[in-house]
Amino acid sequence: MSKCSSVRSQFSEYLDGALTGVAMQDIAAHMESCRKCSAEFGCWRSAHGMLADLGPAKAPADLALRLRVAISQEKMHSPKQNLARWQVRWQNTFAPFLLQASAGFASAILLIGTVGLLIGAFAAPESASAGDEPLGNASNPHLLYSNSAVTTAAIGDRDNPVVVEAYVNGNGRVYDYEIVSGPHDASTRSQVENQLLFSVFEPARFFGQPVRGLVVISFSGVSVQG
């Protein structure tokens with residue numbers, strides 16, 4: 001029985017001619033004396049013949065393309081490609097968000113620091129002795145004199161004064177104005193413009209330097225307040 005098992009286990013090599021000449025002679029001699037082994041070898045040889053009749057299978061027309069796609073997909077799963085994909089995702093999603101967040105945080109810190117500096121500078125100014133001008137002292141413009149031929153009595157009256165916002169430059173001269181209350185007719189505007197044109201003001205000052213400023217002037221027909 002063991003001889004039959006040994007012979008049958010070598011049927012595939014026997015058909016392919018992969019055994020030595022001595023081994024093939026031993027198997028052939030055994031099958032001449034053993035009907036069971038001879039019958040089973042006949043089945044093996046029949047199956048081998050049918051497979052040989054099939055011939056080689058034809059490769060699909062798109063086999064090359066499928067192979068390239070499969071190889072490309074396999075490369076995409078490599079550690080290097082995974083790292084590259086994560087870098088792209090980081091740059092397109094998380095990086096802009098973190099950049100905006102960091103910029104907003106930095107802006108907030110800068111704003112808080114600036115506000116704190118301004119509060120510290122203006123809320124608690126250094127004490128100054130009498131007669132000294134405090135550092136950062138700001139003053140508004142005020143009227144010094146006017147050379148206009150138009151009398152202020154001709155502009156406005158007690159019951160309906162003409163209130164004007166005048167914009168004074170650093171040289172103490174009016175470069176623009178606006179009537180905020182009182183008559184707005186052409187005659188009144190002409191009188192106001194003539195009055196402001198020949199008026200000289202002490203300019204506004206900031207840190208001791210002349211700057212542009214705003215002064216409110218009221219013409220009530222009797223006096224000028226500004």
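**Reading strands in a predicted model**

Q: How many helices and strands does the chain have?
A: The secondary structure comprises seven helices and nine strands. Helices (H or I, at least four residues) and strands (E, at least two) are DSSP runs, numbered from the N terminus. This is a predicted model, in which local features need pLDDT of at least 70, side-chain atom pairs count only at pLDDT 80 or more, and totals for chains, interfaces and linings use all residues. Residues are numbered from 1 along each chain as its sequence is written, and side-chain values use heavy atoms, with hydrogens and water left out.

Q: What does "buried" mean?
A: A residue is buried under 20% relative accessible area, exposed over 50%, and partly exposed in between (1.4 Å probe, protein chains only). Of the 226 residues in the chain, 18% are buried.

Q: Why is strand S8 described as largely enclosed by the rest of the structure?
A: Strand S8 spans residues 213–219, and because five of its seven residues are buried, the rest of the structure largely encloses it.

Q: Which strands pair with S3?
A: Two strands pair if DSSP finds at least two bridges between them. Strand S3 (residues 162–168) pairs with S8 in the antiparallel sense over seven bridges, and Val164 stands opposite Ile217 of S8. S3 also runs antiparallel to strand S4 (residues 174–181), with six bridges joining them; here Val168 has Val174 as its bridge partner.

Q: What is found in the hairpin of S3 and S4?
A: Five residues lie between the two strands, and in this hairpin Gly172 takes a positive phi near 85°.
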